[in-house]
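Colleague: I have the sequence and the model open. Can you walk me through the fold?

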Amino acid sequence: MRKFLLPVLAVLLLTACQKETVTEQPQDETGASIAARGSASKIDICHYDAKKKAWMVININVAAWADHKAHGDVRLDDEDGDGYVPNNNCGYGQMGDCNDNNAAINPSAREICGNGIDENCNGTDWEVGGDLGVSRVAYIFQPGDPRYVAGEIHGIACVPFDQPTSSTWGCMGFCLSCAPYYIPISTALGTAFDNSTNIQSSCFYGGIIPAVYLCRNVVINNTLYYFALPSKDDLNKMYLNRKAIGGFSGVYWSSSEVDANHAWVQSFEDGTQYPATKSSAAALSIRGIYYF
Ligand SMILES: [Ca+2]
Ligand SMILES: [Ca+2]
Ligand SMILES: [Ca+2]
């Protein structure tokens, strides 16, 4: 009986890992100290042992890797040295590396939207909080949104930081959107540039550079960029995505007017939107946006 079992076991082992199993070192099932004893020609892998029907960390000659890879084993030696290893059934290391041959791709990488590469390994190239040129994606338009286009990706991108100084809204005592002027100033999503243009062309500022102007002259990396003050609804989308976008604190101006003396602001602490006096400046933050 014993004579019969041994050949069967040998066949099972060969089926599981073919010839390279002979190159393996004794396995350390804790996986704790294997890397330490590995040499340049040895690597740790998460290996499926067909006999035990279990995944386990083993140390192999790197020359045997191709055969292991062919039946679904996972390298654990962090090939690109970025601190992450691919997902593996051994639960080994900092998992989540979706490209272990590129140190710029791992779960801690910043997403660069629109380049066709999923830098941070979450399954998508376009995401709120990702970089878009010098700005940051703040919201992606959804079906039903005014600027939504089926089959295309559009949204709001914002300056990655608040303007260094706060300011007034401008037009104190003057209602742009009221009779008899009826200048279009909207609260709706996607109206930041129309609002900003109308405020800029119609307000008398009295020597103070107001919020809308600060958004039109944003310096990023020593270059001047042209952004707009978000509308009330734009600002709320930013509030909802504030954690992914980052860097918000306090109360923010919108470009939406309430009446002669008030414009809409939103607290990024509790999300409330309320009218603030147009001439107030202290503690009011400003974050420019554009639509892509
Ligand atoms: Ca890696
Ligand atoms: Ca990308
Ligand atoms: Ca991503």
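Modeller: One definition to begin with: helices (H or I, at least four residues) and strands (E, at least two) are DSSP runs, numbered from the N terminus. Two strands pair if DSSP finds at least two bridges between them. This is a predicted model: local features need pLDDT of at least 70, side-chain atom pairs count only at pLDDT 80 or more, and totals for chains, interfaces and linings use all residues. Residues are numbered from 1 along each chain as its sequence is written, while chains are lettered from A and ligands numbered from 1 in the order in which they are written.

Colleague: What pLDDT does the protein chain average?

Modeller: The average is 88, and 85% of the residues score at least 70. pLDDT is the predictor's confidence in each residue, from 0 to 100.

Colleague: Where does pLDDT stay under 50?

Modeller: Over residues 1-38. The model has 40 contacts beyond four places in sequence for that stretch. A contact means C-beta atoms, placed from the backbone, within 7 Å. Where pLDDT is low, the predicted coordinates should not be read in detail.

Colleague: OK. How many helices and strands?

Modeller: The protein chain has 7 helices and 13 strands.

Colleague: Which hairpin involves S5?

Modeller: S4 and S5 form it, with 2 residues between them. Gly 133 sits in the turn with a positive phi of about 60 degrees. S4 covers residues 131-132 and pairs antiparallel with S5 over 2 bridges. Asp 131 has Arg 136 in S5 as its bridge partner.

Colleague: What else is S5 joined to?

Modeller: S6, by 4 bridges, again antiparallel. Arg 136 stands opposite Cys 158 there.

Colleague: Is S5 covered or open?

Modeller: Mostly covered: 5 of its 6 residues are buried. Buried means 20 or more other C-beta atoms within 10 Å of the residue's own, exposed means 12 or fewer, and partly exposed is in between; C-beta atoms are placed from the backbone.

Colleague: And which residues have the most contacts inside the largest nonpolar core?

Modeller: Ala 138, Cys 158, Ala 211, Cys 215, Trp 253 and Ile 289. That core has 38 residues. H5 gives the most to it, with 4 residues. A nonpolar core is a set of buried Ala, Val, Leu, Ile, Met, Phe, Trp, Tyr and Cys residues joined through C-beta atoms within 7 Å.

Colleague: What is Ala 138 in contact with?

Modeller: Leaving aside neighbours within four places in sequence, its contacts include Ile 156, Cys 158, Met 238 and Ile 289. Apart from that core lies another, of 13 residues, among them Val 74, Tyr 84, Cys 90 and Tyr 92.

Colleague: New topic. What's the strand order in the open sheet of 3 strands?

Modeller: S2-S1-S3, with antiparallel pairing. The edge strands are S2 (54-61) and S3 (74-75), each pairing on one side only. In S3, Arg 75 is the bridge partner of Ile 45.

Colleague: Where is the cis peptide bond?

Modeller: It joins Ala 179 and Pro 180, with omega about 0 degrees. Pro 180 lies in the loop between S6 and H4.

Colleague: Last one. Is Cys 121 buried or exposed?

Modeller: Cys 121 is buried, with 20 other C-beta atoms within 10 Å. Its phi is positive, near 60 degrees, in a residue other than glycine. Asn 222 also has a positive phi, of about 65 degrees, but Asn 222 is exposed, with 5 other C-beta atoms within 10 Å.

Technical notes:
Two residues are in contact if their C-beta atoms, placed from the backbone, lie within 7 Å.
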